[in-house]
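Student: Could you walk me through this structure? I would like to ask about a few parts of it in turn.
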Amino acid sequence: MFRPENVQALAGLALTLGLCWLVSENRKRFPWVLAIAALVVQVLLVLVLFGLPQAQRLMQGVNGAVEGLASSTQAGTAFVFGFLAGGDQPYPVTNPGAGFIFAFRVVPVILVVCALSALLWHWKILKWLAQGFGLLFQKTLGLRGPPALATAATIFMGQIEGPIFIRAYLDKLSRSELFMLIAVGMACVSGSTMVAYATILADVLPNAAAHVLTASIISAPAGVLLARIIVPSDPMEKGADLDLATEDKSYGSSIDAVMKGTTDGLQIALNVGATLIVFVALATMVDKILGAMPDVGGQPLSIARGLGVIFSPLAWAMGVPWKEAGTAGGLLGVKLILTEFTAFIQLAKVGATSLDERTRMIMTYALCGFANIGSVGMNVAGFSVLVPQRRQEILSLVWKAMMAGFLATCLTGSLIGLMPRSLFGL
């Protein structure tokens, strides 16, 4: 049953599309057909994944698989780190919540999932999935074969790993297609971080893994749409058959895939941990400076409070009640400035009195993307290696791509806000 809160979410769709149109390089060429196709694809995917009984059982299976993966990872981590990672405690536990240590409960999941992803790629399972979604995006969104494949691969492998699969084509892509790849990479997340996010939200959001997986999948069409609005497609672009160029992601054997996946996962885990340490430290410094200033409205100044004021209208437009918009807007700001990991950690800590279950679900979709300041540097570094001859072009596009990726997840959040509560069992 639809309620006023669902109609309210239409404002989010209009706002995200309108903001991208305002910064478009050619406002006269709004992609109406693509807009309809992308939104229809998103709606259909949500309805199929959460509306069909068979799909619901599949999503429950995904959630169970993620929980099993997390518990298996914890067993391996506890073997190495003992009681710090949830093993047998040498003393009475008076505060069980304090036992959730990010470095020992979330970061190891990244290692295991990266190794598992490499193994599934070697077994061609992820290749088939990427090809399937690539064909879907090619037929429904009008993408050429190579960009469609890279867009699909990005959903599972990440913002830099996805384009690696079409490395031979990167210098041949149009400016619009290159921009689209960067934007989609920021609108989605990787398989390794999906499981980590689900682990963080497991205790506060039912079917967290299903929601995180769905968020990354349906944000890809949103990223394509907003990227095409900001940098319209080249009229000379023509369709091409899918061609899987995987020479940069091949493994000699299953053991080789596991070992190389573990090595890649270690690099990602170290980057995640180091980034969180630095960004949280910098944010705390700024909060201490702001806290020394006079109170405003009877409360001390802080980054979260300031960002909440700035982004609360956007949060409201996605269907969040106004009384919760300040908290939700603060999470959007934290995601943009301090990475989505920090935002998900804060979302997990927010009590039910501040955000109800529906708002928490909408924010899960709105936060599930790599669009943040740190990813700007990551994309510049990664694409400079993959296609060095286009580095200056990438530098001119990457900040706009961050905006497109950020708004793409907000568009996805608005779409979820548009759906009736009963679809998600609320």
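Predicted model: local features only at pLDDT ≥ 70, side-chain atom pairs only at ≥ 80, totals over all residues.

Student: Let us begin with helices H3 and H12. How do their axes cross?
Tutor: Helix H3 covers residues 32-51 and helix H12 covers residues 208-230. Their axes come within 9 Å and cross at roughly 175°. An angle over 145 degrees counts as roughly antiparallel, and H3 and H12 are therefore roughly antiparallel to each other.

Student: Which residues make that contact?
Tutor: On the H3 side, they include Leu34, Ala38, Val41, Leu45 and Leu49. On the H12 side, Ile217, Ile218, Ala222, Val224 and Leu225 are among them.

Student: And what classes of residue are in the contact of H3 with H12?
Tutor: It has 15 nonpolar, four polar and one charged residues. Among the residues of this contact are Gln42 of H3 and Arg228 of H12.

Student: Changing topic, how many disulfides are there?
Tutor: A search of the whole structure finds zero disulfides.

Student: What does Thr16 touch?
Tutor: Leaving out residues up to four places away in sequence, Thr16 touches Leu226, Leu407, Cys410 and Leu411. Thr16 is found in helix H2, which covers residues 10-22. Its relative accessible area is 0%, so Thr16 is buried.

Student: Now helix H10. What is its reach from first C-alpha to last?
Tutor: H10, residues 175-187, has 13 residues and reaches 18 Å, close to the 18 Å expected at 1.5 Å a residue.

Student: How many of the residues of H10 are buried?
Tutor: The count is 12 of the 13, so H10 is largely enclosed by the rest of the structure. Glu177, Phe179, Met180 and Gly185 are among the buried residues.

Student: What covers them?
Tutor: The cover includes helix H8 (145-157), helix H18 (373-386) and helix H19 (391-418).

Methods. Residues numbered from 1 in each chain as written. Heavy atoms only, no water. Axes fitted to C-alpha atoms, helices over the stretch in contact; angles between N-to-C directions. Helix = DSSP H or I, 4+ residues; strand = E, 2+ residues; numbered from the N terminus. Parallel < 35°, antiparallel > 145°, perpendicular 65-115°, else oblique. Contact = heavy atoms within 4.5 Å. Nonpolar A, V, L, I, M, F, W, Y, C, P; charged D, E, K, R; others polar. Disulfide = S-S within 2.5 Å. Expected span 1.5 Å × (residues − 1). Buried < 20%, exposed > 50% of the residue type's maximum accessible area, 1.4 Å probe, protein only.
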